[in-house]
Amino acid sequence: MYYAGKYDESRFAVPPGYARNSQGYERAALIDHAVGSVHMGAAICQLQPQGKVESRVHANEKGIYILEGDLEIKRGQEVFRLSADDYALIPYGTSHALRNTGAKAARWFEMQAPQPKPPGGWQDTFFTGDNDWPAQVGPPDFANAATKSVGRFKPQNPMTPKGEGTSGLSVFRFMEQKFGAQSFFMMRGELSVGGARSRHDHTVEEFYFALSGEAFMDIESERFHLRRWDVAWTGVGASHAFYHTGDAPFRWIETQAPQFPAKNGTRDYADWDKFRAQR
């Protein structure tokens with residue numbers, strides 16, 4: 001199974017169960033059970049100036065990546081303020097609250113795994129009533145080794161997949177087990193001008209949220225032209241490939257759930273076709 005679509009601001013709405021426990025908070029779903037996913041839920045969220053979301057816990061992990069504005073987070077006993085290109089993990093079952101004391105709306109990409117339950121059944125979000133904040137909230141001390149499960153994106157230490165038909169691809173994974181995530185990976189990807197990622201598939205679900213530039217993405221027998229704010233999702237075993245187009249690098253946020261196995265999480269078709277031809 002697979003899906004491609006667009007981020008649609010008209011879908012912003014107060015999530016079910018949040019009306020009495022939030023102010024100025026809305027969410028626009030990007031991927032969930034409605035399009036075939038069974039492992040992940042991804043969305044764009046926004047919080048208006050002076051808005052808040054009261055303290056709550058989820059029966060899943062959550063990764064937050066700030067797109068614009070400033071977002072203050074109370075995570076357990078920690079408090080910190082994130083800005084564009086900062087990210088944070090909310091571990092499974094950890095109490096957390098949000099607020100925006102700035103002058104502009106905060107928007108962020110959000111990933112949850114295991115997949116949140118749909119409305120109407122057993123609910124996996126519980127408000128806790130712990131809503132006290134300190135008078136001042138500052139940014140995390142990213143240089144301090146004691147600062148855990150929070151970071152600021154920098155394009156460093158890339159993974160660069162190689163193989164027949166693949167070139168110009170860099171993947172910067174920043175949420176993984178060492179960071180504290182147990183149920184998913186989150187990363188940034190970049191395909192340079194003229195680059196390509198040859199056809200392959202995975203043992204996990206994969207999701208892409210385009211940030212800038214353009215690329216053609218082939219999924220099974222269809223081709224999609226991805227631009228800023230477009231989305232694509234590939235289910236387990238769905239073949240896909242990327243081909244850069246345009247005159248600027250193609251950049252995106254990517255998530256995978258569950259986490260990759262230690263070995264053989266990717267099948268590169270060109271390598272196997274070459275092997276078959278030699279038999």
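Trainee: Where does Q115 lie?

Mentor: This is a predicted model, in which local features need pLDDT of at least 70 and side-chain atom pairs count only at pLDDT 80 or more, while totals for chains, interfaces and linings use all residues. Residues are numbered from 1 along each chain as its sequence is written, and side-chain values use heavy atoms, without hydrogens and water. As for Q115, its place is the loop between β9 and β10 (125–127) (strands are DSSP E runs of at least two residues, numbered from the N terminus). The place asked for is the β9–β10 loop.

Trainee: Is Q115 buried or exposed?

Mentor: The relative accessible area of Q115 is 17%. Buried means under 20%, exposed over 50%, and partly exposed in between (1.4 Å probe, protein chains only). Because of its 17%, Q115 counts as buried.

Trainee: Which backbone oxygen does the side chain of Q115 reach at 3.0 Å?

Mentor: Leaving out residues up to four places away in sequence, Q115 touches D32, H33, S37, V38, H39, M40, G41 and D124 (contact: heavy atoms within 4.5 Å). A polar atom of the Q115 side chain lies 2.8 Å from the backbone oxygen of S37. At 3.0 Å, the side chain reaches the backbone oxygen of M40.

Trainee: With which side chain does the side chain of S37 make a polar contact?

Mentor: S37 sits in the loop between β2 and β3, and it is buried because its relative accessibility is 2%. Apart from neighbours within four places in sequence, S37 is in contact with I31, D32, Q115, E205 and W233. The polar contact, at 2.6 Å, joins the side chain of S37 to that of E205.

Trainee: How far apart are the C-alpha atoms of S37 and G235?

Mentor: Along the chain, S37 and G235 are 198 residues apart.

Trainee: Which backbone oxygen does the side chain of S22 reach?

Mentor: S22 belongs to strand β2 and is buried, at a relative accessible area of 15%. Its contacts beyond four places in sequence are V14, K52 and V53. At 2.7 Å, the S22 side chain reaches the backbone oxygen of Y18.

Trainee: How many residues are in the largest nonpolar core?

Mentor: L30, F109, M186, F207 and F209 touch the most other members of this core. Strands that each supply at least two of its residues include β2 (22–31), β3 (41–58), β9 (106–113) and β14 (205–212). F209 is in contact with residues including Y7, L30, I44, F109 and W252. The number of residues in the largest nonpolar core is 29.

Trainee: How many residues does the second, separate core have?

Mentor: Among its members are Y18, I64, L82 and W108. The second core has a count of 17.

Trainee: Which element gives the most residues to the lining of the largest pocket?

Mentor: The largest pocket holds about 640 Å³ of space, and of its 31 lining residues P15, P16, R27, K117 and P119 lie nearest its centre. Elements giving two or more residues to the lining are β2, β3, β9 and β10. With 5 residues, the element that gives the most is β2.

Trainee: What is the volume of the second largest pocket?

Mentor: This pocket is lined by 20 residues, with Y87, R152, K154, Q156 and F174 nearest its centre. β11 (150–152) and β12 each supply at least two residues of the lining. The volume of the second largest pocket is about 510 Å³.

Technical notes
A nonpolar core is a set of buried Ala, Val, Leu, Ile, Met, Phe, Trp, Tyr and Cys residues joined through side-chain atoms within 4.5 Å. Helices (H or I, at least four residues) and strands (E, at least two) are DSSP runs, numbered from the N terminus. A polar contact is a pair of N or O atoms within 3.5 Å; within protein, one must be able to donate a hydrogen and the other to accept it, and residues adjacent in sequence count only if both atoms are side-chain atoms. On a 1 Å grid over the protein atoms alone, a cavity is a set of points where a 1.4 Å probe fits but cannot get out, and a pocket is an open set with protein on both sides within 12 Å along at least five of seven lines; lining residues have an atom within 4 Å of a point. Grid points are joined across faces, edges and corners, and a volume is the space filled by probe spheres set on the points.
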